[in-house]
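Subject: Structure handover

Hello,

Here is the structure you asked to look at.

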Amino acid sequence: MAGTAIAAADSGTSAKTIHKTPEASFQQGLACVRQSDFSCAELAAATIPSQSPYATVLAGRIAAAQGNFDRTFRLLLPLQVNRELPPAASASLHTSLALAYEAQPDETRALEQRLLAEAGLSDAAEIEANHEAIWKLLSNLSREQLIDMRGESQNATAQGWVDLALAVQRNAPPAQSIADWQQTYPDHPAAKGFAEKLAARLGSETAAAATTLTGPIALILPLGVEAFYPVADAIERGFETAEALDGNKTDVKIYPTHGDAGEIADIYQQALAEGAQYVVGPVTEAEVSSLAASGPGVTTLALNRPDHVQTPDNKLFAFGLSISEEARQLARIAHQQGMQTANIIATSSGLSKLMADAFRNAWEAEGGQVVQQIDVVEGTSLDGLKSTLATYPADFILLATNGEEARNIRPNLDIATPTFGFSHIYDGLAYDPANAALSAVQFVDLPWVLKPDSPAFAGYQKAAAELPRGEMQRWFALGADAYRILQVLARQPLQGTVINGLTGKIH
């Protein structure tokens, strides 16, 4: 009988054959999964009778650990209704489903599964690991995402976790924010050990960040180019506002450029000769590529991406308002909504061509198909646009245009067809009557541009008030976040971190 030891006599000696219970084999398989030894885990699974729920739960855990989340869902979702699962199996099942939902990503369901998993945990170390997993999930979300998530959940424990993440994002010392949260949620599972450890950890990180930038800092900006002057000015204002809010009195010196790649090496070396310990800039792609090729001498945050240049060290980092990144985000959103085919509408401008090409590349990388691209040149009648699109229909339309062009084109489209656009279609005025033509167009933009009155941005509002809405506000946000990124680079240049900034969530 399974679970008993059977002794057999042979020539005066005895041998014992141990038949493991399904639970013992299951625990052995879990131990193998934790070591990423999947051959070992599969062997353990093979010893469990196929009709045992332990077999299905372990198979689901192996699939989740290997990133095969479709299989995880197929195996484990039907098993959720089994109320007789032993605690260890239930905890493993819900942990596996949490990993699968995180990959979708569906943070609300992932959190719910983590809480269900915890109900089956008794070991203090496993509970602590589950709390860390919950915190990792929530701490990567923006304030807006957390607020939406809180509204979606009716679970009081889940709401407490979300409120903890919201409390930490307040412009207040972490210890005080967490203490206030503990008073509101004294009986929450995280209120004792986890919250106290989190307060200590965040307090140490805040203290470290406040003492990293000892300067001087060089800001290399294209102030010598008339077309780029407003951009450079907005970046400078954003950077210096963030520095002032941080209470940092490090010397910042401005080095103007003329957008000439040939002069950037001399300007950079001048900054180093004058004592710069950190450099932010340059801004144009040509300048950044030239600097990357020559190699930076100190920690440098370029405000654009170099053009296919690999640097030999870890001193040059890049951050910017990238058309390619925006195109990838739009493509992911369309793909997550079940779209498969797209029609692109572009104009003859260089910016429009750049947006169209970037989206095509991103969409095809997602497995999507571009049915056709229609180039609207100046003076062309738009009367036949709707019928042309109807002849070769697609799941959605992508407007690779600026705001003025989009307002002219949109009335000639079928409003029932989902339509997407880049941030360039939005002028930053939430109630501009001229934007009525763009109603229901989906686009991505910076949190600072969409919600400038958010309490999280209170310290920046006065400094940015003199700048025009829209594009200049985006460059202001870039400058502000550049300062915060530089803080991280000075402290831990090769460690992963997440910043909830004016430009969005920065990894």
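This is a predicted model: local features need pLDDT of at least 70, side-chain atom pairs count only at pLDDT 80 or more; totals for chains, interfaces and linings use all residues.

T72 is found in helix α4, which covers residues 69-76. Leaving aside residues up to four places away in sequence, T72 touches G60, A63, A64, L77, S96, L97 and A100.

Next, an open sheet. It is formed by 5 strands in the order β4-β3-β5-β6-β7, and the pairing is parallel. Which strands stand at its edges? They are β4 (252-256) and β7 (316-318). Each has a single partner strand, so one side of each is left without a neighbour in the sheet. From one strand to the next, the twist averages 20 degrees.

Strand β6 (residues 299-302) pairs with β7 in the parallel sense, over 3 bridges. L301 has F317 in β7 as its bridge partner.

Helix α12 (residues 229-246) packs on this sheet. The strands that α12 touches are β3 (217-221), β4 and β5 (278-280). The direction of α12 makes about 160 degrees with that of β3.

**α12 against α21**

Helix α12 also packs with helix α21 (residues 471-491). Their axes are 7 Å apart, and the angle is about 45 degrees. The two helices are therefore oblique to each other. Their crossing is right-handed.

Who meets whom here?

- From α12: P230, V231, A234, I235, R237, G238, F239, T241, A242, E243 and D246.
- From α21: M472, W475, F476, L478, G479, A480, A482, Y483, L486 and Q487.

By class, this contact of α12 with α21 has 14 nonpolar, 4 polar and 3 charged residues.

**Another sheet, β8 to β12**

There is also an open sheet of 5 strands in the order β9-β8-β10-β11-β12, with parallel pairing. Its edge strands are β9 (369-376) and β12 (442-443), and each pairs on one side only.

Strand β10 (residues 396-400) is worth a look. How many of the residues of β10 are buried? The count is 5 of 5, and the strand is mostly covered. F396, L398 and A400 point one way from β10, while I397 and L399 point the other way. All of these are buried. In a regular strand, side chains alternate between the two faces of the sheet.

Now the partners of β10. With strand β11 (residues 419-421), β10 pairs in the parallel sense over 3 bridges. The bridge partner of L399 in β11 is G421. With β8, β10 is joined by 5 bridges, and these two strands also run parallel. A346 stands opposite A400 in β10.

**Helices α15 and α16**

Two helices lie across strands of this sheet. Helix α15 (residues 323-336) lies across β10, β11 and β12, and runs at about 160 degrees to β11. Helix α16 (residues 350-365) lies across β8 (341-347), β9 and β10, and runs at about 165 degrees to β8.

How do α15 and α16 pack? Their angle is about 45 degrees, with axes 8 Å apart. They are therefore oblique to each other. α15 passes α16 in a right-handed crossing.

The residues that meet are these:

- From α15: I323, S324, A327, R328, L330, A331, A334 and H335.
- From α16: L351, L354, M355, A358, F359, A362 and W363.

The residues of this contact divide into 12 nonpolar, 2 polar and 1 charged.

**S352**

S352 lies in helix α16. S352 counts as buried, because its relative accessibility is 1%, and buried means under 20%. Which residues does S352 touch, not counting those up to four places away in sequence? They are A346, T347 and A400. The pair A346 and A400 came up above, where A346 stands opposite A400 in β10.

Best wishes

Methods
Residues are numbered from 1 along each chain as its sequence is written. Side-chain values use heavy atoms; hydrogens and water are left out. Two strands pair if DSSP finds at least two bridges between them. Helices (H or I, at least four residues) and strands (E, at least two) are DSSP runs, numbered from the N terminus. Axes are lines fitted to C-alpha atoms, for helices over the stretch in contact, and angles run from 0 to 180 degrees between N-to-C directions. Contact means heavy atoms within 4.5 Å. Angles under 35 degrees count as roughly parallel, over 145 as roughly antiparallel, 65 to 115 as roughly perpendicular and the rest as oblique. A crossing is left-handed if the near helix is turned anticlockwise from the far one by less than a right angle, and right-handed if clockwise. Ala, Val, Leu, Ile, Met, Phe, Trp, Tyr, Cys and Pro count as nonpolar, Asp, Glu, Lys and Arg as charged, and the others, Gly among them, as polar. Buried means under 20% relative accessible area, exposed over 50%, partly exposed in between (1.4 Å probe, protein chains only).
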